[in-house]
Amino acid sequence: MLRLKAPWEIDRMRSSGRRLAEVVVLLREAIQPGMKSRELDRLGEAAIRERGGVPSFLGYRGGGSRPFPGSLCISVNHEVVHGIPDERLFLDGDVVSIDLGMHLDGYHADTAFTVALGAVGPKVADLLDATRESLYMAIAQAVPGNRTGDIGCAVESHVDSRGYSVIRDYVGHGIGKNLHEEPAVPNHGRSGTGVFLETGLCIAIEPMVSMGSHRTKVERNGWTVVTRDGSTTAHFEHTIAITENGPEILTKLP
Ligand code: MG
């Protein structure tokens, strides 16, 4: 069942989304080669708590064999999502995807971004551009009366046109009182199919894109998802509210 949000609930999600966007600004400024991914995780956790929130992913159960041990998912290079913060150092040339969620006043916000550290080739820059563009094309489809397939189709056709592959094993989702609600929001599909989008529905749209094959596997730690062929990936995500005036991005600064 879809949980449509009342205007006051969207207000709360707006404030949790804005605060999470502030944390993103901070993380983007802080991340650099030579830093441990655990250090970035601690910084993110502190920033979320300073804003009155709780990290949505810390201790999250589901999918993994044990509760997720970090506040941020930090996935490097061929890691797609659910990377666990640890003692590894970020290196010059790493492509780092950071996924973070915040629970505040009863509502979650969820966002992700990918950065390339130091000097990277034009192909990596193009992968990041194509993935980010596909997110915004998908967001434009998030209007009442459209369907989840319109979102998936927008992502997939853009990514395909650039010669990359959409990861199919992981999808976007409804969001609100729970981090993951209905409907599933795939990043591939046919327009005119899937669940109808309605005013008051809040969803996280999150294209994950591989430079090579879309096939993935989960590492032995039970969480980290990697591409089977070792291809570099990118991930961008926003939480959005579907309003009668169209999509409103909640996880960005005004
Ligand atoms: Mg998400």
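Where is the place of Pro183? Look in strand S8, which covers residues 181-185. Keep in mind as you follow along that this is a predicted model. Pro183 is worth a stop for its backbone: the peptide bond that runs from Glu182 to Pro183 is cis, with omega near 0°. For a bit of background, most peptide bonds are trans, and most residues other than glycine have a negative phi.

Start with His82, which has a positive phi of about 65° although it is not a glycine. To find His82, go to the loop between strand S3 (79-81) and strand S4 (95-104). Is His82 buried, partly exposed or exposed? Its relative accessibility is 24%, so His82 counts as partly exposed.

Now move along to the loop between S4 and S5, where Asp105 is found. Asp105 isn't a glycine either, yet it has a positive phi, of about 50°. With a relative accessible area of 51%, Asp105 is exposed; the cut-off here is over 50%.

Next come the aromatic rings. A pair of rings like this is described by two things, the distance of the centres and the angle of the planes. Rings pair up if their centres lie within 6.5 Å, and by this rule the count comes to two aromatic pairs.

Take Trp8 and Tyr107 to begin with. Their ring centres are 6.4 Å apart and their planes sit at 90°, so this pair is edge-to-face; the label calls for an angle over 60 degrees. The two partners come from distant parts of the chain: Trp8 belongs to helix H1 (residues 7-30) and Tyr107 to strand S5 (residues 107-116), 99 residues apart. What about their surroundings? Trp8 has a relative accessible area of 48%, so it is partly exposed. Tyr107, on the other hand, has a relative accessibility of 2% and therefore counts as buried, since the cut-off for that word is under 20%.

The other pair is made by Phe68 and Trp223. How far apart are the ring centres of Phe68 and Trp223? The answer is 5.3 Å, and with the planes at 85° this pair is edge-to-face.

Conventions. Residues are numbered from 1 along each chain as its sequence is written. This is a predicted model: local features need pLDDT of at least 70, side-chain atom pairs count only at pLDDT 80 or more; totals for chains, interfaces and linings use all residues. Side-chain values use heavy atoms; hydrogens and water are left out. Rings of Phe, Tyr and Trp (its six-membered ring) pair if their centres lie within 6.5 Å; planes under 30 degrees apart count as stacked, over 60 as edge-to-face and the rest as tilted. Helices (H or I, at least four residues) and strands (E, at least two) are DSSP runs, numbered from the N terminus. Buried means under 20% relative accessible area, exposed over 50%, partly exposed in between (1.4 Å probe, protein chains only).
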